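I hope they are handy as you look through the model.

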Amino acid sequence: MKVSYKSKKLSADKFGSIGRRFRFEAPLLDAAFPAGKIPGVNNVGDLDLYKYLLPGNQDNFYLVRVNGESMIDINIFDGDILIVEECNTASPGDIVISSLNGELTVKRLIEKKGVYYLQSENSRFLPIEISPEMSFTIQGKVRHVVHSLI
């Protein structure tokens, strides 16, 4: 069964590169500090977010803004920012940014019986079979999701 490529999908727009003009290092607090105590008393060290979020070669990362809701079951929502490691290969199970027929999309790469699919993480969407007729390339792997709680 061939699954058609729906227009209601989760798409992504390349948002920009990650600059390193400023360090973002802050105290790392123990989450179990006693009520009424001033945060910082239970400082368990410092955390450099650049090193934590961008391991290895930091030049290989970029940002993508999410548009759509096909990944909501794994808490990737419309408007979220994805931190993506630029690469052109991925393994089954990876969340990837891919170019499919000229459009960027965010999906899980899966493989069944030698056939590869882009799988939404929303039960309302069917997998997209990656056929030889399609123009398909991996643009990167999603490493982190940034979204606001407000």
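1. Searching the whole structure turns up 4 salt bridges, a salt bridge being a side-chain nitrogen of Lys or Arg within 4 Å of a carboxyl oxygen of Asp or Glu. Please keep in mind that this is a predicted model: local features need pLDDT of at least 70, side-chain atom pairs count only at pLDDT 80 or more, and totals for chains, interfaces and linings use all residues. Residues are numbered from 1 along each chain as its sequence is written, and side-chain values use heavy atoms, with hydrogens and water left out.

2. One of the pairs is E69 with R124, whose closest N and O atoms are 2.2 Å apart. This pair links distant parts of the chain, 55 residues apart: E69 sits in the loop between β4 (61-67) and β5 (81-86), and R124 in the loop between β8 (115-119) and β9 (128-129). Strands here are DSSP runs (E, at least two residues), numbered from the N terminus. E69 is partly exposed at 38% relative accessible area, while R124 is exposed at 53% (buried is under 20%, exposed over 50%, partly exposed in between, with a 1.4 Å probe and protein chains only).

3. E85 and R143 also form a salt bridge, with 2.7 Å between the closest N and O atoms. Here E85 in strand β5 is linked to R143 in strand β10 (residues 136-146), 58 residues apart. E85 is partly exposed at 22%, and R143 is partly exposed at 40%.

4. Finally, R108 meets E121 at 2.5 Å, N to O. R108 is partly exposed at 23%, whereas E121 is buried at 17%.

How values were computed: Helix = DSSP H or I, 4+ residues; strand = E, 2+ residues; numbered from the N terminus.
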